[in-house]
Amino acid sequence: MGLGFHRLIATVWSSVHWVNEGCFALLGMAGLISGILQAPLTGIFLVIEITGGYEIILPLIVVSAISTTLCHYLEPASFYLKDLVEQGQLLRPGTDARVLTDLSIQELLETDCICVHPNMRLADFIGIVKSSHRNYFPVEDQQSRQFVGMIHLDDIRPYLFDPAMHHAVLTGQLMNPHVKTVSLHDDLSEVLQKMDDGHIFSMPVVSDNHFLGMISKATLLDQYRKELMVQTGRS
């Protein structure tokens, strides 16, 4: 391209004295590399280091900048990133998908929950509620320690002011056995979508039918904000 451009202008403006065609060849090389890689500095310094032609650095900068700009306008991703973009696997820093990918359920896990068993009387459960700052209480089988359900504080509210029910109701009768759970290997973007769809603020994390802890939207969004500031360089 550089040689062709030189010969074209040399033919059209034959009376003008142009530099030798080798310089135009170098400019063509820099433009090609900068456009394909969408990395103007790479094109500039690679050509300069190979040829030692430091006297043409200014034209190299102009050609590389124009080539990169035009190529980025026609194809936002470089040659090496094009396939990743088409597959949706290119996660640029500061984007929603990238931030959530860099977070893990393990680091968001809240393990200060108090587990109860299905055969516990409501009176004993109320004592646990008084010493806890949580609204959710995981229920585990007393023998196998397997997760069987969840109790929300709202579930026992109708019985709190009825002393006659305190010794008549068991936690197993109050729990929700069909609560949605999360595993350690779930994608956080899907977890957040489940929370939004179900208007859920906390979900239990379960592995091999054993309760590990809770993941809450508040903790997730707080860590999301911190990770976003790290990736974007903001404080």
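Modeller: Start with Arg-134, which sits in the loop between α8 (122-130) and β1 (136-140). Helices here are DSSP runs of H or I with at least four residues, strands are runs of E with at least two, and both are numbered from the N terminus. The model is predicted: local features need pLDDT of at least 70, side-chain atom pairs count only at pLDDT 80 or more, and totals for chains, interfaces and linings use all residues. Residues are numbered from 1 along each chain as its sequence is written, and side-chain values use heavy atoms, with hydrogens and water left out.

Is Arg-134 buried or exposed? Its relative accessibility is 16%, so Arg-134 counts as buried. Buried means under 20% relative accessible area, exposed means over 50%, and partly exposed lies in between (1.4 Å probe, protein chains only).

The side chain of Arg-134 makes a polar contact with that of Glu-110, at 2.6 Å. Another polar contact, at 2.7 Å, joins the side chains of Arg-134 and Asp-112. A polar contact is a pair of N or O atoms within 3.5 Å; within protein, one must be able to donate a hydrogen and the other to accept it, and residues adjacent in sequence count only if both atoms are side-chain atoms. Leaving out residues up to four places away in sequence, Arg-134 touches Glu-110, Asp-112 and Cys-113. Contact means heavy atoms within 4.5 Å.

That brings in the cysteine. Cys-113 is buried, because its relative accessible area is 13%. Cys-115 is partly exposed, with a relative accessible area of 30%. The structure holds 0 disulfides, a disulfide being a pair of cysteine sulfur atoms within 2.5 Å.

Now to other loops. Gln-38 lies in the loop between α2 (21-37) and α3. At 19% relative accessible area, Gln-38 is buried. Its side chain makes a polar contact with the side chain of His-72, at 3.1 Å.

Next, the helix pair. The axes of α3 (residues 40-51) and α4 (residues 57-74) come within 9 Å and cross at roughly 145 degrees. Axes are lines fitted to C-alpha atoms, for helices over the stretch in contact, and angles run from 0 to 180 degrees between N-to-C directions. On the α3 side, Pro-40, Ile-44, Val-47 and Ile-48 meet Ile-57, Leu-60, Ile-61, Ser-64 and Thr-68 of α4. The residues of this contact divide into 7 nonpolar, 2 polar and no charged. Nonpolar covers Ala, Val, Leu, Ile, Met, Phe, Trp, Tyr, Cys and Pro; charged covers Asp, Glu, Lys and Arg; the others, Gly among them, are polar.

Ile-56 is placed in the loop between α3 and α4. Ile-56 counts as buried, at 9% relative accessibility. Ile-56 and Ile-44 are 12 residues apart in sequence and 10.0 Å apart in space, C-alpha to C-alpha. Not counting residues up to four places away in sequence, Ile-56 touches Cys-23 and Leu-26.

Last, the whole chain. The protein has 12 helices and 4 strands. Of its 235 residues, 34% count as buried. Among contacts between residues at least 6 apart in sequence, 54% join residues at least 24 apart.
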